[in-house]
Amino acid sequence: QYDSIRDGLLDDDEMSEVSEEEGFGEIMINQGIHTIEYVLGSISHTASYLRLWALSLAHNQLSEVLWSLVMSNGFTSGYVGAFMLYPIFAGWAALTLSVMVLMEGLSAFLHTLRLHWVEFQSKFYEGAGFQFVPFQFKAILKDAAADDKEVLKLV
């Protein structure tokens with residue numbers, strides 16, 4: 001199916017270049033390279049998920065440390081502990097919110113970075129040799145003006 005679509009899009013000169021048969025050795029080398037890329041990509045994806053998992057464990061451990069070091073001091077016996085529970089809770093809440101919001105922000109950042117660079121680049125990106133040309137209105141308007149001049153010459 002794809003060969004017939006490709007044949008309809010290519011000129012005769014391009015067809016002669018495309019229709020060369022590849023040797024068995026070239027096919028095996030190509031498949032070996034793709035296999036190595038697939039295995040390395042799988043290891044990379046696994047390591048990326050492990051990084052997120054480690055960040056989640058650090059989040060959990062920080063919560064436990066903040067509880068045991070700060071909040072447990074407010075549960076001492078007597079009236080002093082009951083009175084000190086309010087400022088201790090305020091300190092614990094401020095630390096917890098600041099550290100946890102920072103950790104969650106880092107987690108979200110790493111997750112999107114992983115999705116863009118690790119998964120997207122390894123699945124969809126191919127270095128096909130097309131030069132990157134940034135989007136510019138100036139260049140588009142210049143090309144449109146040149147096209148308009150050519151059309152007006154023909155009319």
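## Overall layout

Reading from the N terminus, the elements of this protein go α-α-α-α-α. That makes five helices and zero strands, all in a predicted model.

Of the 155 residues in the protein, 12% are buried. As for contacts with a separation of 6 or more, 67% of them link residues 24 or more positions apart.

## Where helix 3 meets helix 4

The structure has three aromatic pairs. One of them joins tryptophan 67 and tryptophan 92, edge-to-face, with 5.8 Å from centre to centre and 80° between the planes. Tryptophan 67 sits in helix 3 (residues 24-69) and tryptophan 92 in helix 4, so this pair ties together parts that are 25 residues apart in sequence.

Phe89 comes into the picture too: Trp67, Phe89 and Trp92 make up one aromatic cluster. Tryptophan 67 itself is partly exposed, because its relative accessibility is 40%, which falls between the 20% and 50% cut-offs.

## Threonine 96

Staying in helix 4 (residues 79-123), we get to threonine 96. Is this residue buried or exposed? Its relative accessibility is 17%, so threonine 96 counts as buried; the cut-off is under 20%.

The threonine 96 side chain reaches back to the backbone oxygen of tryptophan 92, at 2.7 Å. Leaving aside residues up to four places away in sequence, threonine 96 touches Leu66 and Val101.

## A phenylalanine pair out in the open

Now for phenylalanine 135 and phenylalanine 137. Their ring centres are 4.9 Å apart and their planes stand at 75°, so this pair is edge-to-face as well; planes over 60 degrees apart get that label.

Both partners are exposed: phenylalanine 135 has a relative accessible area of 60%, and phenylalanine 137 comes in at 59% relative accessibility.

## A nonpolar patch

Which residues make the nonpolar surface patch of about 540 Å²? Ile36, Tyr38, Val39, Leu40 and Ile43 do.

With a relative accessible area of 52%, isoleucine 36 is exposed, since the cut-off is over 50%.

Definitions and conventions:
Residues are numbered from 1 along each chain as its sequence is written. This is a predicted model: local features need pLDDT of at least 70, side-chain atom pairs count only at pLDDT 80 or more; totals for chains, interfaces and linings use all residues. Side-chain values use heavy atoms; hydrogens and water are left out. Helices (H or I, at least four residues) and strands (E, at least two) are DSSP runs, numbered from the N terminus. Buried means under 20% relative accessible area, exposed over 50%, partly exposed in between (1.4 Å probe, protein chains only). A polar contact is a pair of N or O atoms within 3.5 Å; within protein, one must be able to donate a hydrogen and the other to accept it, and residues adjacent in sequence count only if both atoms are side-chain atoms. Contact means heavy atoms within 4.5 Å. Rings of Phe, Tyr and Trp (its six-membered ring) pair if their centres lie within 6.5 Å; planes under 30 degrees apart count as stacked, over 60 as edge-to-face and the rest as tilted. Patches are made of residues with over 30% relative accessible area and no salt bridge: like charges are joined within 9 Å, nonpolar side chains (Val, Leu, Ile, Met, Phe, Trp, Tyr) within 5 Å. Accessible areas come from the Shrake-Rupley method with a 1.4 Å probe; for residues, only the protein chains shown count as cover. A salt bridge is a side-chain nitrogen of Lys or Arg within 4 Å of a carboxyl oxygen of Asp or Glu.
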